[in-house]
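Here's a quick tour for anyone meeting this structure for the first time. Have the sequence and the 3D view open as you read.

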Amino acid sequence: MGLVAATDGEKLCDLLNHKHLEGGAWVELAALLRRTGRDSHLVEFFRELAAVNTTGRIVVAGRSLSEQYEFGGPVFDGLFREHLRSVLGFTNRDVDEVFRFSRRAVAAALESPTKGLQRQLRNWAEVRHSHCYMCNVPMDFEETESHTSFTLEHVWPRAYGGNSIAENLMPACSACNSNKKRHFATWAMPAVQSLLLGLSPTPQRLDEIDGSFKFALHYRAAHRFAILNHCSRKNAFLKIGPWTDIRLRDDDDVADFFNLENHDPAYF
Ligand SMILES: [Zn+2]
């Protein structure tokens, strides 16, 4: 059981995480980190970060090759495969499988949502989901230039192989959509260490935590929900709803990223 990978980028990321990042080194690392009290969280963080980062590097390389050579043509395929071998270090044994997953992720990054799908999701949002899935602001469906304008946001970003399909698009206000930025693939991406607030931070300090960190906490909650309930990230976001005020999970522990939450604990 794990989360349902809705997009080709997530499938590539899962392949990297569960096959190419497999090994006893993680167990040793966890043992080494036991004293932090965050050993399993930190190991999960490093694995996720490594898998997402590698996914991003693969997709960027494929996209830039596609600007010079026809995507999927023999020259493109040859050079892309060679890049996976020589730059990213995949062995001859592994390269065929990684190449197949990578090629699909690059194709996803090159496509945009069809007009028909945009219309369909907009109509659905107007009736069924008129608030931003992150900050819960009511969205403006008429005005296109305001902070609260309706947009469709890729849950798994296009730049990381996120397909432009219904299962990967959520209604977001334009402020949240642009805050998340295209390189923000997962909860593991922000500087986790910079969210180290010491013991017992004041409520005001928790209030000052800004949008991108709120997003990371929210995304991680959905990620955990999706794994626990064997569903896609989109379904997880729909279930857990928008974020709430940030609070500590455990008042008696240090306030770092892993001890903060901004969702209803009833879901976990
Ligand atoms: Zn928003």
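Just after α10, G241 takes a positive phi of about 75°. Keep in mind that this is a predicted model, where local features need pLDDT of at least 70, side-chain atom pairs count only at pLDDT 80 or more, and totals for chains, interfaces and linings use all residues. Residues are numbered from 1 along each chain as its sequence is written. Helices (H or I, at least four residues) and strands (E, at least two) are DSSP runs, numbered from the N terminus.

**Helix α10**

- Helix α10 spans residues 233–240, and its buried residues are R233, K234, A236, F237 and I240. (Buried means 20 or more other C-beta atoms within 10 Å of a residue's own, exposed means 12 or fewer, and partly exposed is in between; C-beta atoms are placed from the backbone.)
- (Two residues are in contact if their C-beta atoms, placed from the backbone, lie within 7 Å.)

**The largest nonpolar core**

- This core has 50 residues, and L12, A105, C132, M134, A172, A222 and F237 touch the most other members. (A nonpolar core is a set of buried Ala, Val, Leu, Ile, Met, Phe, Trp, Tyr and Cys residues joined through C-beta atoms within 7 Å.)
- Two or more residues each come from α1 (8–20), α3 (39–68), α4 (74–86), α5 (92–110), β2, α9 and α10.
- Helix α9 gives the largest share, eight residues.
- Leaving out residues up to four places away in sequence, A172 touches C132, Y133, M134, T151, E153 and N177.

- The axes of α1 and α5 come within 7 Å and cross at roughly 155°. (Axes are lines fitted to C-alpha atoms, for helices over the stretch in contact, and angles run from 0 to 180 degrees between N-to-C directions.)
- That makes α1 and α5 roughly antiparallel. (Angles under 35 degrees count as roughly parallel, over 145 as roughly antiparallel, 65 to 115 as roughly perpendicular and the rest as oblique.)
- On the α1 side the contact involves D8, G9, K11, L12, L15 and H20, while α5 brings D94, F101, S102, R104, A105, A107 and A108.
- For α3 and α5, the axes come within 9 Å and cross at roughly 65°, so this pair is roughly perpendicular.
- Here T55, I58, V59, G62, R63 and S66 of α3 meet S102, A105, V106, A109 and L110 of α5.

**Loop residues to look up**

- L33 is in the loop between α2 (25–32) and α3, and it counts as partly exposed because it has 16 C-beta neighbours inside 10 Å.
- Not counting residues up to four places away in sequence, L33 touches R38, D39 and L42.
- N136 has a positive phi of about 75° although it is not a glycine, and it lies in the loop between α6 (115–128) and β1 (150–154).
- With 14 C-beta neighbours inside 10 Å, N136 is partly exposed.
- H230, in the loop between α9 and α10, is another residue other than glycine with a positive phi, near 55°.
- H230 is exposed, with 11 other C-beta atoms within 10 Å.
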